[in-house]
Amino acid sequence: MASQGSFQRQVEVGRLVLINYGKDSGKLAVIVDIVDHSRALIDGPTTGVSRQAFAYRRLTLTPFVIKDLPRAAGKTALAKALEKNDTIAAWNKTSWAQKLQGRVARAGLSDFDRFKLKKFKSQRRATVGPALAQLKKQQA
């Protein structure tokens, strides 16, 4: 019986992973083979990640798994499996991926863009706050 603190995602062939360190940081790849207890062979034919051995501590496991992917599958077979399952599109719909995209967008803002964003947020607070207080008052 699994306890509350047990892991939900296992390292397995076909698991979609997010690289969290190095030059490919922030990109998606798929585990195509398991090298040893600390490394996996990953490949990302559609995301620009070359086939390489990568340490588990530099990967984040996602909930997506490509079923029936053979060990050490080639680039073309992997690309077809990703396309067939529409895995990358499913990832892009998750709140996790959208949050990462938002961070990238905010990091690319100029000083003036950040200033405009601050002004828009204060305008929104000035409009929404009193309206919400009015609704709460009516319900009480």
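1. A40 in β3 is the bridge partner of I34. β2 and β3 pair in the antiparallel sense over 4 bridges; strands count as paired if DSSP finds at least two bridges between them. A hairpin of 4 residues joins β2 to β3. Strands (E, at least two residues) and helices (H or I, at least four) are DSSP runs, numbered from the N terminus.

2. Basis of the model. This is a predicted model, in which local features need pLDDT of at least 70 and side-chain atom pairs count only at pLDDT 80 or more, while totals for chains, interfaces and linings use all residues. Residues are numbered from 1 along each chain as its sequence is written, and side-chain values use heavy atoms, with hydrogens and water left out.

3. Confidence. pLDDT is the predictor's confidence in each residue, from 0 to 100. The chain averages 90, and 96% of the residues score at least 70. Confidence is lowest in α1, at a mean of 89. It is highest in α4, at 95. Where pLDDT is low, the predicted coordinates should not be read in detail.

4. The sheet. An open sheet is formed by 5 strands, in the order β4-β3-β2-β1-β5. The pairing is antiparallel. The edge strands are β4 (49-55) and β5 (59-65), each pairing on one side only. From one strand to the next, the twist averages 40°. Angles run from 0 to 180 degrees between N-to-C directions; axes are lines fitted to C-alpha atoms, for helices over the stretch in contact.

5. β2 and its other partner. β1 and β2 pair in the antiparallel sense over 3 bridges. L18 stands opposite L28 in β2. Is β2 mostly buried or exposed? Of its 7 residues, 6 are buried, so β2 is largely enclosed by the rest of the structure. Buried means under 20% relative accessible area, exposed over 50%, and partly exposed in between (1.4 Å probe, protein chains only).

6. Helices on the sheet. α1 lies across β2, β3 (39-44) and β4. The helix runs at about 125° to β2. Helix α3 (residues 95-107) also packs on the sheet, touching β1 and β5. The direction of α3 makes about 135° with that of β5.

7. The largest core. A nonpolar core is a set of buried Ala, Val, Leu, Ile, Met, Phe, Trp, Tyr and Cys residues joined through side-chain atoms within 4.5 Å. The largest has 15 residues. Which members touch the most others? They are V30, I66, L69, L78 and W91. Two or more residues come from each of β1 (15-19), β2 (28-34) and α1 (75-85).

8. I66 and the second core. Neighbours within four places in sequence aside, I66 is in contact (heavy atoms within 4.5 Å) with V13, G14, V30, L78, A81, L82, N85 and T87. A second, separate core has 10 residues, including V17, A29, I42 and F54.

9. A pair of aromatic rings is described by the distance of the centres and the angle of the planes. Rings of Phe, Tyr and Trp (its six-membered ring) pair if their centres lie within 6.5 Å; planes under 30 degrees apart count as stacked, over 60 as edge-to-face and the rest as tilted. The structure holds 2 aromatic pairs. In one, the rings of W91 and W96 have centres 5.0 Å apart and planes at 65°, so the pair is edge-to-face. W91 is buried, at 5% relative accessible area. W96 is partly exposed, at 25%.

10. The phenylalanine pair. F112 and F115 form a stacked aromatic pair. Their centres are 6.4 Å apart, with 25° between the planes. These two lie 3 residues apart in helix α4 (residues 111-139), so about one helical turn separates them. F112 is exposed, with a relative accessible area of 53%. F115 is partly exposed, at 42%.

11. Backbone points to check. D68 is not a glycine, yet has a positive phi of about 60°. D68 lies in the loop between β5 and α1. Its relative accessible area is 80%, so D68 counts as exposed. A72, in the loop between β5 and α1, also has a positive phi of about 60° without being a glycine. A72 is partly exposed, at 43% relative accessibility.
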